[in-house]
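Please open the structure in a viewer and follow the stops below in order. Each stop names a selection and then describes what is found there.

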Protein chains: 2
Amino acid sequence: MAVAYDGAIQQLIDDFARLPGIGPKGAQRIAFYLLGVDRQEAQELADAIMTVKDKVRFCEICGNVCETSPCPICEDPRRDRSVICVVEEPKDVMSIERTREYRGLYHVLGGAIDPMSNVGPGDLRIPELLGRLKSDQVTEVILALDPNIEGEATTTYLARLLGPLDITVTRLASGLPVGSDLEYADEVTLGRAITGRRGV
Amino acid sequence: MAVAYDGAIQQLIDDFARLPGIGPKGAQRIAFYLLGVDRQEAQELADAIMTVKDKVRFCEICGNVCETSPCPICEDPRRDRSVICVVEEPKDVMSIERTREYRGLYHVLGGAIDPMSNVGPGDLRIPELLGRLKSDQVTEVILALDPNIEGEATTTYLARLLGPLDITVTRLASGLPVGSDLEYADEVTLGRAITGRRGV
């Protein structure tokens, strides 16, 4: 007796269930939703997936996601080029942009030091960061990593690495709940954390 | 100052956020996940969406989703053709199949009577059900609608409609939590409900 759907719809359910945050029931609900929408809307979603794979790249300077490299933030003449905010992921750039408290540049590391997942300093975009600091322009580096164990380890590592340089190294103010992800902080809390950043 | 992502990725986030059960944060998480997977896997998801739109249709007999019409259940010679189980949606067929308690046929109504959403008996596949009952084969109809207000209304409506016919009309045993959706019942509970079905 059949306990799975016919080929195509089960395939779609399986593919959706593989995405983060979607379980089998949620995937089934989405599959039947897509079965019900008109062809145009389904095509739009399918196209959006492939457009992202084809058009989105990483900025050669800051490592943020963008469609043109250098990205619009690195190219923007109104941004303060004396400050670089170091974050783990591109989505953290967006979280900080939403606070409207920061007008400097960014540097995306591409993760945090995490020995459990075999991520060491060599896997992060640290040499690129040091390269950017060689110019005289940069006077401050803000370490805006997630306030969890991996983020703290990376903050400590970078603080020691940047200590000998003639650059002010700061970190986000406490106020963010410890153990959480920066991505999920609300704008006001994250904004206050940026304003109240302190020396490492 | 930009507060949205560059075109393509924001488009993908918006498209995912439109799906049921996915909020803006979840959509962002999925978009970055897809950005990270290899092109092949993204292509597979995009293709699966369009394959479902192109290949999946509704069975001309029972109204279930399938790739061939009549569907494999309606065509299966081992199924008991004297019993028809009436459900609201194709996903309910799958829920009942998973219990392995039922070997008869199905009839998918395509919803339930719901005056608040302007769904009346005329919007459901009730004439098709009556057409199937004209053959002498069917001796029992099991009304397996969701145990909520709309499902109860539809059960009552169908029980009155089928009353004059020389057919046993049953409904799922109580045991299902009232006010919930049939789709979310666990296999054991739903299986017991089928075994213990009672006359209306």
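Buried area is the accessible area, taken with a 1.4 Å probe, that two parts lose on being put together, summed over both. The model is predicted: local features need pLDDT of at least 70 and side-chain atom pairs pLDDT 80 or more, while totals for chains, interfaces and linings use all residues. Residues are numbered from 1 along each chain as its sequence is written, chains are lettered from A and ligands numbered from 1 in the order in which they are written, and side-chain values use heavy atoms, without hydrogens and water.

Begin by selecting chain A and chain B together. About 6000 Å² is buried between chain A and chain B, and carbon and sulfur atoms give 65% of this area. In contact (heavy atoms within 4.5 Å) are 60 residues of chain A and 60 residues of chain B.

Then select A:R39 and B:D54. These residues form a salt bridge (a side-chain nitrogen of Lys or Arg within 4 Å of a carboxyl oxygen of Asp or Glu), with the closest N and O atoms 2.7 Å apart. Between chain A and chain B the count is 4 salt bridges.
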